[in-house]
Amino acid sequence: MSNCFETEFEFELPKGYVDKNGEVHKHGVMRLANAADEIIPLNDPRVKMNPGYLSILLLERVVVKLGKLKKVDAHIIESLFTADMRYLQDL
């Protein structure tokens, strides 16, 4: 029996993020969220104005790779299709 505890998980988005060149990015890697991932965004002004933005900032912190993108930021998470957001939140 292995004592290895997985902290990162590969995923495939149902729809995918479409970048400005029309390329679709579906395959990615997400790490487990920690306490800081949930607490730090609470101080962000965007969350204070709209508590629903918390999920955007949380996913920005834990999605470590998406397709060929160099970085996954809030703008990319905001641009995901609703089905992809739901998929990541359930994951």
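Two strands count as paired here if DSSP finds at least two bridges between them. Keep that in mind as you click through this predicted model.

**Stop one: the sheet.** Colour the strands first. You'll see an open sheet of three, ordered β1-β2-β3, with antiparallel pairing. Now pick out its edges: β1 is residues 8-18 and β3 is residues 63-66, and each of them pairs on one side only. Look along the sheet for the twist, which averages 30° from one strand to the next.

**Stop two: β1 against β2.** Select residues 24-31 to bring up β2, which runs antiparallel to β1 and is joined to β1 by seven bridges. For one specific spot, show F9 and then M30, the bridge partner of F9 in β2.

Keep α5 on screen and select residues 54-62, helix α3. How do you describe two packed helices? By the angle between their axes and the distance between the axes. For this pair, the axes come within 11 Å and cross at roughly 65°. Angles of 65 to 115 degrees count as roughly perpendicular, and α3 and α5 are therefore roughly perpendicular to each other. The crossing of α3 past α5 is left-handed.

**Last stop: the side chains between them.** Show S55, I56 and L59 on α3, then M85, L88 and Q89 on α5, where the two helices meet. Colour this contact by residue class and you get four nonpolar, two polar and no charged residues.

Methods: Residues numbered from 1 in each chain as written. Predicted model: local features only at pLDDT ≥ 70, side-chain atom pairs only at ≥ 80, totals over all residues. Heavy atoms only, no water. Helix = DSSP H or I, 4+ residues; strand = E, 2+ residues; numbered from the N terminus. Axes fitted to C-alpha atoms, helices over the stretch in contact; angles between N-to-C directions. Parallel < 35°, antiparallel > 145°, perpendicular 65-115°, else oblique. Left-handed = near helix turned anticlockwise from the far one by under 90°. Contact = heavy atoms within 4.5 Å. Nonpolar A, V, L, I, M, F, W, Y, C, P; charged D, E, K, R; others polar.
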